[in-house]
Amino acid sequence: MKLTAILILSFILQVHAAGYAQKVSLSKTEAPLRQIFKEINKQTGYKFLYNTQMLQETRPVSIEVLNASIPDVLEKCFEGQPLTYRIIDRTIVVRKKKKSGSICRPLIHCRH
C-alpha cells in the first residue's frame with residue numbers, strides 16, 4: 001500500500017514538473033503580442049488572460065527561440081513592454097506594470 005502511494009505521488013509530481021518544462025519554438029519579426037500569445041497557446045495549451053486595450057500600448061515583438069522554456073519566452077516578449085505577467089497553473093495573467101517611482105509625502109508632525 002505504501003509503495004502504491006509513493007508511486008502515485010511520484011507520477012503526479014513528474015506530470016506537474018513536465019507542465020512547466022514545456023518548450024516553445026518561435027521565429028517572429030515585428031509580431032503583435034496577441035499573435036505571440038496565440039502561438040504559445042497553440043504549442044503549450046497555456047491560456048492567456050488579458051484586457052485587449054492593454055495590448056494597444058505595446059510594441060511589436062521580434063523573437064527567435066528554439067525549445068525555450070515558457071518563462072524564458074515570456075521574459076523576452078515582455079522586455080521593454082508596459083506589461084508584466086504571472087503564471088498561475090496553466091494560465092498566463094497579463095497586467096500593466098506598476099509605475100515606478102515612489103510617492104513621497106512629507107511627514108506631518110502633529111502637536112496636541
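Phe48 has a relative accessible area of 16%, so Phe48 counts as buried (buried is under 20%, exposed over 50% and partly exposed in between, with a 1.4 Å probe and protein chains only). This is a predicted model, in which local features need pLDDT of at least 70 and side-chain atom pairs count only at pLDDT 80 or more, while totals for chains, interfaces and linings use all residues. Residues are numbered from 1 along each chain as its sequence is written, and side-chain values use heavy atoms, with hydrogens and water left out.

A search of the whole structure gives four aromatic pairs. Rings of Phe, Tyr and Trp (its six-membered ring) pair if their centres lie within 6.5 Å; planes under 30 degrees apart count as stacked, over 60 as edge-to-face and the rest as tilted. Phe37 and Phe48 are stacked because their ring centres are 4.2 Å apart and their planes stand at 10°. This pair links distant parts of the chain, eleven residues apart, with Phe37 in helix 2 (residues 33-44) and Phe48 in strand 2 (residues 47-49). Helices (H or I, at least four residues) and strands (E, at least two) are DSSP runs, numbered from the N terminus.

Phe37 is buried at a relative accessible area of 2%. Phe37 also forms a stacked pair with Phe78, at 6.1 Å centre to centre and 25° between the planes. Phe78 lies in helix 4 (residues 70-78) and Phe37 in helix 2, so this pair ties together parts that are 41 residues apart in sequence. Phe78 is buried too, with 5% relative accessibility. One aromatic cluster is formed by Phe37, Phe48, Tyr50, Phe78 and Tyr85.

## Helix 2

The end C-alpha atoms of helix 2 are 16 Å apart, which agrees with the 16 Å that its twelve residues should span at 1.5 Å a residue (the expected span is 1.5 Å times one less than the number of residues). Its buried residues are Leu33, Ile36, Phe37, Ile40 and Thr44. Seen down the helix axis, these buried residues fall within an arc of 100°, so they line one face of helix 2; the arc is that of the directions from the helix axis to the C-beta atoms. Lys38 and Lys42 are exposed residues on the face turned away from the buried side. Just after helix 2, Gly45 has a positive phi of about 85°.

Arg90 is placed in the loop between strand 4 (83-88) and strand 5. Its relative accessibility is 37%, so Arg90 counts as partly exposed. A polar atom of the Arg90 side chain lies 2.6 Å from the backbone oxygen of Thr44. Arg90 and Lys47 are 43 residues apart in sequence, and their C-alpha atoms are 6.4 Å apart in space.

## The salt bridge

Side chains of opposite charge can pair when their charged atoms come close. The structure holds one salt bridge, where a salt bridge is a side-chain nitrogen of Lys or Arg within 4 Å of a carboxyl oxygen of Asp or Glu. The side chains of Lys96 and Glu57 form this contact at 3.4 Å, N to O. Lys96 lies in strand 5 (residues 91-96) and Glu57 in the loop between helix 3 (52-55) and strand 3, so the pair ties together parts that are 39 residues apart in sequence. Lys96 is partly exposed at 44% relative accessibility, and Glu57 is partly exposed at 46%.

## Ser69

Ser69 belongs to strand 3 (residues 61-69) and is buried, with a relative accessible area of 15%. Its side chain makes a polar contact of 3.1 Å with the side chain of Asp72. A polar contact is a pair of N or O atoms within 3.5 Å; within protein, one must be able to donate a hydrogen and the other to accept it, and residues adjacent in sequence count only if both atoms are side-chain atoms. Leaving out residues up to four places away in sequence, Ser69 touches Gln22 and Lys23 (contact means heavy atoms within 4.5 Å).

## The chain as a whole

The protein chain has four helices and five strands. From the N terminus on, its elements run α-β-α-β-α-β-α-β-β. Of the 112 residues in the protein chain, 26% are buried. Among contacts between residues at least 6 apart in sequence, 56% join residues at least 24 apart.
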